[in-house]
Amino acid sequence: MNFEESLRSKNLKVTPQRMLLLSEIRGKGHVCIDELHRLVKAVSPSVSLATIYKNVNLLVEEGLLKEIPIEGAKPVYEINIGDHVHYVCSKCGYVEDLETDSYELKKFFYEKYGKYVDSVGVMIKGTCRSCSGMNS
């Protein structure tokens, strides 16, 4: 994904802070605001927490980022890659994207319930391999 083009397509200024935020989020996959602030400050110490919040909220509003609410924890943010399923470890909070066929899910809901589905956002909770002791 070309962040510069994505920002311009939303008529947003391409600023170093926005480019850095998007780059750090892409690198981590899923990140909470506090962790994002630590990552950004390591590269650009002058970026404030308020700037992080303001830009993350704007990028969520514009559809470039998605906020993923995590029960019992702070929400995490990810680059908006469209419909997919999240796996969240109930013990450590690890978040992973799982590939799904959203067309099949939409089709299922229409055929079974007669409901049109615009988007799919599913969260599956469990225990990751590390927390369950199955590291291999």
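1. Phe-109 sits in helix 5 (residues 102–113). Helices here are DSSP runs of H or I with at least four residues, strands are E runs of at least two, and both are numbered from the N terminus. Phe-109 counts as partly exposed because its relative accessibility is 35%. The cut-offs are under 20% relative accessible area for buried, over 50% for exposed, and in between for partly exposed (1.4 Å probe, protein chains only).

2. A word on the source. This is a predicted model, in which local features need pLDDT of at least 70 and side-chain atom pairs count only at pLDDT 80 or more, while totals for chains, interfaces and linings use all residues. Residues are numbered from 1 along each chain as its sequence is written, and side-chain values use heavy atoms, with hydrogens and water left out.

3. Phe-108, Phe-109 and Tyr-113 make a nonpolar surface patch of about 300 Å². Patch residues have over 30% relative accessible area and no salt bridge; nonpolar side chains (Val, Leu, Ile, Met, Phe, Trp, Tyr) are joined within 5 Å, like charges within 9 Å. The areas come from the Shrake-Rupley method with a 1.4 Å probe, and for residues only the protein chains shown count as cover.

4. Helix 5 also carries Lys-106. Lys-106 forms a salt bridge with Asp-83, with the closest N and O atoms 3.3 Å apart. The pair links distant parts of the chain: Lys-106 is in helix 5, and Asp-83 is in the loop between strand 2 and strand 3, 23 residues apart. A salt bridge here is a side-chain nitrogen of Lys or Arg within 4 Å of a carboxyl oxygen of Asp or Glu. Lys-106 is partly exposed at 24% relative accessibility. Asp-83 is partly exposed too, at 23%.

5. The whole structure holds 5 salt bridges. One of them joins the side chains of Arg-8 and Glu-4 (2.7 Å, N to O). Both residues lie in helix 1 (residues 3–9), 4 residues apart, about one turn of the helix. An α-helix has 3.6 residues a turn, so residues three or four places apart point the same way.

6. Lys-74 and Asp-34 form a salt bridge, their closest N and O atoms being 2.3 Å apart. Lys-74 lies in the loop between strand 1 (65–68) and strand 2 (76–79), and Asp-34 in helix 3 (residues 33–43), so the pair ties together parts 40 residues apart in sequence. Asp-34 is partly exposed, with a relative accessible area of 24%.

7. Helix 3 has a buried side. Its buried residues are Ile-33, Leu-36, His-37 and Val-40. They cover an arc of only 100 degrees around the axis, which puts them on the same side of helix 3. The arc is that of the directions from the helix axis to the C-beta atoms. The buried residues pack against helix 2 (16–28), helix 4 (49–61) and strand 2. The face turned away from the buried side carries the exposed residues Arg-38 and Ala-42.

8. His-86 is in strand 3 (residues 84–89). His-86 counts as buried, at 6% relative accessibility. Not counting residues up to four places away in sequence, His-86 touches residues including His-30, Val-95 and Glu-96; contact means heavy atoms within 4.5 Å.

9. Glu-96 lies in strand 4 (residues 95–98). Glu-96 is partly exposed, with a relative accessible area of 32%.
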